[in-house]
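Subject: Structure for your review

Dear colleague,

Please find below the structure that I am handing over to you. My findings follow it, and I would be grateful if you would read them alongside the model.

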Amino acid sequence: MSVRKVINALTLIFVIGIVAGLALTPDGRNWLRHPTLMFGKAQTAAASATPVDAPAVSTETIRPALPTTGGAVDTRTVTPLSRRLSQGPLKIGVFGDSMASDLYTGLYRDMQVYPNVTVGKFTQPATGLARYDFVDIQAKTQGQLANADLDVAIIAFGTNDAQGMEIDGTVHPFGSDGWKEIYGKRVDDLVALLKSRDIAVYWVGMPRMRSDPFNAKMQIINDLVRSRMQAANVPFIDMVPLTADAQGGYEAYGQDANGRRVLMRKDDGMHLSLAGVMHVSGNIVDRLERDAGLTVPRAAPQPAAAQPAA
């Protein structure tokens, strides 16, 4: 046998060994389904105006559908924010994807007037509840809470979630009954995790999107999450009325706090400009002010200037 034939035979044996080894492990099987992972090109489910319903990979088992009260839906109430505030500073954490990252900027700025409030950032762009094979948000949040002491969680997920999910070899297309069951359970589990640590949850919906097909998908997510929040007695803050025109259509411009017409959206037709962020975050702050009884401290009166002698 020639040297070249020996090399070819050894190469074939090597390749067969690698494929067999991959097939015997969960991570290996995952790579065989999405081989670009090895080269740093894993699908991160980043949002686009025309998202692809790509299946996700997960080993989680779907639980039977649960009623809207009891079971996995955590209906417990947490300590009122007004009582929390009376005991010390109110600690707020912002969780979610790139939309939540933008909202953090607005909340951080708005809350600067309150010396007894802090705002922390726990967001990660290009993540969501549909791709736990990429980032398991439940596990990630659990790890974040282990090193954080919070009273409030502001959550915004959805821009990366308009895609199918695969569970135990079954692909559930986006918006299907199976998809809604899986996604709803992940929403419920995240709320239950936060409530188990006596953290008040405020879930912020997705805004009106410029692309009508993509907007329709975001509204499927909004409707599902809104129903889960109602079942769990959690406030759902709807961004659509804050980002749409009078007819419910996409509106890139709007009035700021000073009544000026300014650009509220970024060029991608999805995310908010700084003015848009401040507009939406202002409404979130209004809700927190009411629930916690926040008031801006008055400046100490300045002593009156001495009057000159007559």
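This is a predicted model: local features need pLDDT of at least 70, side-chain atom pairs count only at pLDDT 80 or more; totals for chains, interfaces and linings use all residues.

Residues are numbered from 1 along each chain as its sequence is written, and side-chain values use heavy atoms, with hydrogens and water left out.

Overall description

The protein has 9 helices and 10 strands; these are DSSP runs numbered from the N terminus, with helices being H or I of at least four residues and strands E of at least two. Of its 310 residues, 45% are buried. Here buried means under 20% relative accessible area, exposed means over 50%, and partly exposed lies in between, for a 1.4 Å probe and protein chains only. The accessible surface comes to about 16100 Å², and carbon and sulfur atoms hold 56% of that area; the areas come from the Shrake-Rupley method with a 1.4 Å probe, and for residues only the protein chains shown count as cover. Among contacts (heavy atoms within 4.5 Å) with a separation of 6 or more, 74% are between residues 24 or more positions apart.

Helix packing

Helix α5 (residues 137-145) packs with helix α6 (residues 177-195) at an angle of about 10 degrees, and their axes are 10 Å apart. Therefore α5 is roughly parallel to α6. Axes are lines fitted to C-alpha atoms, for helices over the stretch in contact, and angles run from 0 to 180 degrees between N-to-C directions. Angles under 35 degrees count as roughly parallel, over 145 as roughly antiparallel, 65 to 115 as roughly perpendicular, and the rest as oblique.

On the α5 side, I137, Q138, T141, Q142 and L145 take part, and they meet R186, D189, L190, L193 and L194 in α6. The residues of this contact divide into 5 nonpolar, 3 polar and 2 charged. In that division Ala, Val, Leu, Ile, Met, Phe, Trp, Tyr, Cys and Pro are nonpolar, Asp, Glu, Lys and Arg are charged, and the others, Gly among them, are polar.

Salt bridges

A salt bridge is taken as a side-chain nitrogen of Lys or Arg within 4 Å of a carboxyl oxygen of Asp or Glu. By this rule the count is 15.

One of them pairs D151 with K91, with 3.4 Å between the closest N and O atoms. D151 lies in the loop between α5 and β4 (152-156) and K91 in strand β2 (residues 90-96), so this pair ties together parts that are 60 residues apart in sequence. D151 is buried at 6% relative accessible area, whereas K91 is partly exposed at 22%.

Another joins D188 to R228, where the closest N and O atoms are 2.9 Å apart. D188 is in helix α6 and R228 in helix α7 (residues 212-232), so that distant parts of the chain, 40 residues apart, are linked. Both D188 and R228 are buried.

D223 is partly exposed at 47% relative accessibility, and R226 is partly exposed at 23%. Salt bridges with shared partners also join R84, K91, D149, D151 and D198 into one network.

Backbone

Most residues other than glycine have a negative phi. A126 has a positive phi, near 60 degrees, and lies in the loop between β3 (117-123) and α5. N233 also has a positive phi, of about 60 degrees; N233 is in the loop between α7 and β8 (236-237) and is exposed at 53%.

Two buried methionines

M99 lies in helix α4 (residues 98-110) and is buried, with 0% relative accessible area. Its C-alpha atom is 6.4 Å from that of H271, 172 residues away along the chain. Beyond four places in sequence, M99 touches T159, M206, P207, M209, M239, M270, H271 and L272.

M229 is in helix α7 and is buried at 1% relative accessible area. M229 and D188 are 8.3 Å apart, C-alpha to C-alpha, and 41 residues apart in sequence. Leaving aside neighbours within four places, the contacts of M229 are V187, V191, W203, V234 and F236.

Yours sincerely
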